[in-house]
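Subject: Structure handover

Hello,

Here is the structure I said I would pass on. Please look it over; my notes follow below.

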Amino acid sequence: SVHPVSGLEVIPLTVTSGKTRHAFRVELAASPRDQQQGLMFRTVMGADEGMLFPMNPPRQASFWMRNTVISLDLIFVGIDGRIINIAAKAIPYDESKLLSHGPVKAVLELNGGRAAELGIKPGDQVEW
């Protein structure tokens, strides 16, 4: 399916935390242009929605919140598909760099505070 606002493909994604699987429907920001736009200017996102930024090849990731209206959790997914770190409750419009703690194959953005609310943490498995 396609997201009504961004026009991006929407795909299923799961985060497995212990015995709990959390299901999301995420927009796939695959192109450099889509990744640069990200969630800028968006004012709302559903509780089980997000945006996935695949990194091919895997690399150190650096994000910021320029022109981003809503608080986000940035979940950095390592090469093995496990979360290596989370930049929680990133501040809207803040231009400070939010960095992965090593090379990542993707970055998942969820609503700010959602990872903590669901108990999602480093080491959890992310699949799409």
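Leaving aside residues up to four places away in sequence, H22 touches L13, T14, V15, S17, L118 and I120. Please keep in mind that this is a predicted model. H22 sits in strand β2, which covers residues 20-28. Is H22 buried or exposed? With a relative accessibility of 12%, H22 counts as buried, because the cut-off for buried is under 20%. L118, one of the residues that H22 touches, also has its backbone oxygen 3.2 Å from a polar atom of the H22 side chain.

Next, the aromatic residues. A pair of aromatic rings is described by the distance of the centres and the angle of the planes. There are two aromatic pairs in the structure. F53 and F63 make up one of them, with 5.1 Å from centre to centre and 90° between the planes, an edge-to-face arrangement. F53 is buried, at a relative accessible area of 1%, and F63 counts as buried too, at 12% relative accessibility.

F63 also pairs with F76, again edge-to-face: here the centres are 6.4 Å apart and the planes are at 80°. This pair counts because the centres lie within the 6.5 Å cut-off. Which parts of the chain does the pair link? F63 belongs to strand β3 (residues 49-63) and F76 to strand β4 (residues 72-78), so the pair links distant parts of the chain, 13 residues apart. F76 has 0% relative accessibility and counts as buried. Taken together, F53, F63 and F76 form one aromatic cluster.

Strand β6 runs over residues 98-111 and is mostly covered, with 10 of its 14 residues buried. β3 pairs with β6 in the antiparallel sense, over eight bridges. Within β6, L98 is the bridge partner of F63, the residue that takes part in the pairs with F53 and with F76. β4 also pairs with β6 in the antiparallel sense, in this case over seven bridges. On that side, the bridge partner of D73 in β6 is L110.

If you want places to start, I would open H22 and its polar contact with the backbone oxygen of L118, then the cluster of F53, F63 and F76, and then the bridges that β6 makes with β3 and with β4.

Regards

Methods: Residues are numbered from 1 along each chain as its sequence is written. This is a predicted model: local features need pLDDT of at least 70, side-chain atom pairs count only at pLDDT 80 or more; totals for chains, interfaces and linings use all residues. Side-chain values use heavy atoms; hydrogens and water are left out. Rings of Phe, Tyr and Trp (its six-membered ring) pair if their centres lie within 6.5 Å; planes under 30 degrees apart count as stacked, over 60 as edge-to-face and the rest as tilted. Buried means under 20% relative accessible area, exposed over 50%, partly exposed in between (1.4 Å probe, protein chains only). Helices (H or I, at least four residues) and strands (E, at least two) are DSSP runs, numbered from the N terminus. Two strands pair if DSSP finds at least two bridges between them. A polar contact is a pair of N or O atoms within 3.5 Å; within protein, one must be able to donate a hydrogen and the other to accept it, and residues adjacent in sequence count only if both atoms are side-chain atoms. Contact means heavy atoms within 4.5 Å.
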